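Keep the viewer open and follow along as the names come up.

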Amino acid sequence: MYINAVGHFIPSKRIPNEYFADVNGLSSEWIYQRTGIRSRSRSNEDETINQMCKKAVENALPCLPYDIKDVDLIIFASYTPSDTVVTAAHYIQNEYNISNAKAFYISSACSSGINAIETINAYLTTQMATKALLICADRNSAYSDESDCTSGHLWGDAAVAFFFSKKAEGEKIVEILDITTQGLGHIGKGQQAVSLNPQNGGIQMPFGKDVFMQACTYLTQNTKDIVEFNGYSLSELSYFIGHQANMRILKNVMIQLEVPEEKSLSNIEELGNTGSPSSLLVFAQNYERFNKNDLICISVFGGGYSAGSCLLRIR
């Protein structure tokens with residue numbers, strides 16, 4: 001499977017750490033030392049999740065090597081939809097009149113995007129689809145409680161759009177070598193650690209320590225497994241992109257993998273935890289820097305718990 005074009009949208013507004021001193025009592029330095037975050041992206045009233053998705057698609061279209069109407073599968077991946085019936089997948093289908101596409105929604109916390117790519121791979125491999133569009137977005141500000149001193153200061157907003165096909169198309173050839181996901185509802189405090197109840201506190205993370213421990217374990221192990229299973233060594237990785245939840249997690253993973261920290265790409269310092277699009281967003285932001293033969297691993301961990309990894313090669 002190949003990536004044909006990528007796009008992204010990041011709201012221009014930033015909320016600095018200093019904002020939270022009067023909101024939840026946390027100092028700027030306290031937040032930065034424990035998370036690596038200095039600011040977070042914030043959508044305005046007009047930047048709904050549907051509009052963010054549309055702008056991400058628009059950003060990808062100039063490099064798309066075929067007509068968007070040729071897409072026959074649209075998947076929206078998110079855990080903060082504004083509508084769970086008429087989803088962003090259906091909105092994009094209507095906006096671009098993609099009349100021959102299947103359209104549906106996938107949610108698996110911060111692993112949603114990787115779960116969607118695995119699903120797309122299955123559709124393309126079995127010839128149930130030929131060209132696919134993934135739109136992955138989270139508008140965390142719609143559900144977060146800024147007064148919550150455990151997690152209210154973490155969240156950012158963003159969207160990405162990725163186009164896929166079974167055969168290589170376009171000037172830049174990005175091959176998905178392998179992808180795998182896991183449901184981890186049976187480990188640790190997976191049933192309690194992260195939750196989103198719109199009518200009772202919104203996004204909450206009461207067991208951050210358990211999230212930290214499990215994320216370090218599974219991001220490391222899944223990266224090692226997918227790289228070595230495909231016949232490579234960790235030293236051959238050009239770049240590592242981990243879920244952008246906490247800079248301390250990312251640094252811990254790089255130490256365990258014994259991979260130089262400069263090979264880890266991130267955006268958390270400026271954008272905060274943008275949720276399910278976070279690691280795909282880092283990939284999209286750095287798309288032009290990737291060169292032929294670069295080997296890239298994306299590894300994610302989400303609430304529930306859930307996890308996944310994806311190995312890519314620039315051809």
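**Starting from Phe283**

Let's begin with Phe283: setting aside neighbours within four places in sequence, Phe283 is in contact (heavy atoms within 4.5 Å) with Ile3, Val6, Phe162, Val174, Ile241, Phe290, Ile296, Ile298 and Leu312. Bear in mind that this is a predicted model, where local features need pLDDT of at least 70, side-chain atom pairs count only at pLDDT 80 or more, and totals for chains, interfaces and linings use all residues. Residues are numbered from 1 along each chain as its sequence is written, and side-chain values use heavy atoms, with hydrogens and water left out.

Buried here means under 20% relative accessible area, exposed means over 50%, and partly exposed is in between (1.4 Å probe, protein chains only). The buried residues of α8 are Ser278, Ser279, Leu280, Leu281, Val282, Phe283 and Ala284. As for the labels, helices (H or I, at least four residues) and strands (E, at least two) are DSSP runs, numbered from the N terminus.

Now for the rings. Phe283 also belongs to one aromatic cluster with Phe162, Phe164, Tyr239, Tyr287 and Phe290. Rings of Phe, Tyr and Trp (its six-membered ring) pair if their centres lie within 6.5 Å; planes under 30 degrees apart count as stacked, over 60 as edge-to-face, and the rest as tilted. That rule gives 10 aromatic pairs. Among them is the edge-to-face pair of Tyr19 and Phe20, at 5.1 Å centre to centre and 85 degrees between the planes. Tyr19 is partly exposed at 36% relative accessible area, whereas Phe20 is buried at 0%.

Next, a polar spot. Ser78 is found in the loop between β4 (73–77) and α3 (88–95), and counts as buried because its relative accessibility is 0%. The side chain of Ser78 makes a polar contact of 2.9 Å with that of Asp138; such a contact is a pair of N or O atoms within 3.5 Å, where within protein one must be able to donate a hydrogen and the other to accept it, and residues adjacent in sequence count only if both atoms are side-chain atoms.

For contrast, look at Gln199, in the loop between β9 (195–197) and β10 (202–204). Gln199 is exposed, with a relative accessible area of 78%.

Finally, zoom out. The chain has 8 helices and 13 strands. Its radius of gyration, taken over C-alpha atoms, is 18 Å, close to the 20 Å from the globule rule (2.2 Å times the number of residues to the power 0.38) for 315 residues, so the chain is as compact as a globular protein of that length. Of those 315 residues, 58% count as buried.
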